[in-house]
Amino acid sequence: MKKLFFVFAFLAFACGSDDDSNNEETSFILVGTWAGTITEPGYDTEGQVELVLNSDSTGTLIVIWEMDTETSSFSWSSTDTQINLNYDSEPDELVILYYSVIDQDTMLVGGDDEFTTMYRQ
């Protein structure tokens, strides 16, 4: 009977520790630099986008078109499905980006039915 008790205790401990490590491995971290390709709405022009999300809840969005580069600074927060951006130039206007995780280094980001695949840099 003691042997059976130790087997059950070992299995309970082993399962508990596996669950804890799996949660740590699968938790998704948005902080970092993300890059992808976007298409300008209404045009066939492609641009490069870089989204920088800093750990202090600040960030930068850089969009590079053929002849133009746009850079915007913002503060951000997030939920499990969206990134909320408050641009420094328009502090009262919240922009919501929806995201879906593909893996630790890839996510879909977008809004208004247009999504871009972004890769961790």
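Glu-40 is placed in the loop between strands β1 (32-39) and β2, where helices (H or I, at least four residues) and strands (E, at least two) are DSSP runs numbered from the N terminus. With a relative accessibility of 27%, Glu-40 counts as partly exposed; the term buried applies under 20% relative accessible area, exposed over 50%, and partly exposed in between (1.4 Å probe, protein chains only). Not counting residues up to four places away in sequence, Glu-40 touches Thr-45 and Trp-65, a contact being defined by heavy atoms within 4.5 Å. Glu-40 and Trp-65 are 25 residues apart along the chain, and their C-alpha atoms are separated by 8.8 Å.

The structure is a predicted model, in which local features need pLDDT of at least 70 and side-chain atom pairs count only at pLDDT 80 or more, while totals for chains, interfaces and linings use all residues. Residues are numbered from 1 along each chain as its sequence is written, and side-chain values use heavy atoms, with hydrogens and water left out.

The secondary structure of the chain consists of 1 helix and 8 strands, which follow the pattern α-β-β-β-β-β-β-β-β along the sequence. Of the 121 residues in the chain, 24% are buried. Among contacts with a separation of 6 or more, 25% are between residues 24 or more positions apart. The accessible surface of the chain is about 8600 Å², and 53% of this surface belongs to carbon and sulfur atoms; areas come from the Shrake-Rupley method with a 1.4 Å probe, and for residues only the protein chains shown count as cover.

In soluble globular proteins, nonpolar side chains tend to be buried together. The largest nonpolar core of this chain has 18 residues, and Leu-53, Phe-74 and Ile-83 have the most contacts inside it. Such a core is a set of buried Ala, Val, Leu, Ile, Met, Phe, Trp, Tyr and Cys residues joined through side-chain atoms within 4.5 Å. At least two residues of this core are supplied by each of β2 (46-53), β3 (58-64), β4, β5 (82-87), β6 (94-103) and β7 (106-111). Leaving out residues up to four places away in sequence, the contacts of Ile-83 include Leu-30, Leu-53, Trp-76 and Val-95.

Gln-82 is also found in strand β5 and is buried, with a relative accessible area of 18%. The side chains of Gln-82 and Asn-84 are joined by a polar contact of 3.0 Å. A polar contact is a pair of N or O atoms within 3.5 Å; within protein, one must be able to donate a hydrogen and the other to accept it, and residues adjacent in sequence count only if both atoms are side-chain atoms. Beyond its neighbours within four places in sequence, Gln-82 is in contact with Ser-77, Ile-96, Leu-97, Tyr-98 and Tyr-99.

Ser-72 lies in strand β4 (residues 69-78) and is partly exposed, with a relative accessible area of 28%. Apart from residues up to four places away in sequence, Ser-72 touches Gly-59, Thr-60, Leu-61 and Tyr-87. The C-alpha atoms of Ser-72 and Ile-62 are separated by 6.6 Å, although these residues are 10 residues apart along the chain.

Phe-115 is located in strand β8 (residues 114-120) and counts as partly exposed at 46% relative accessibility.
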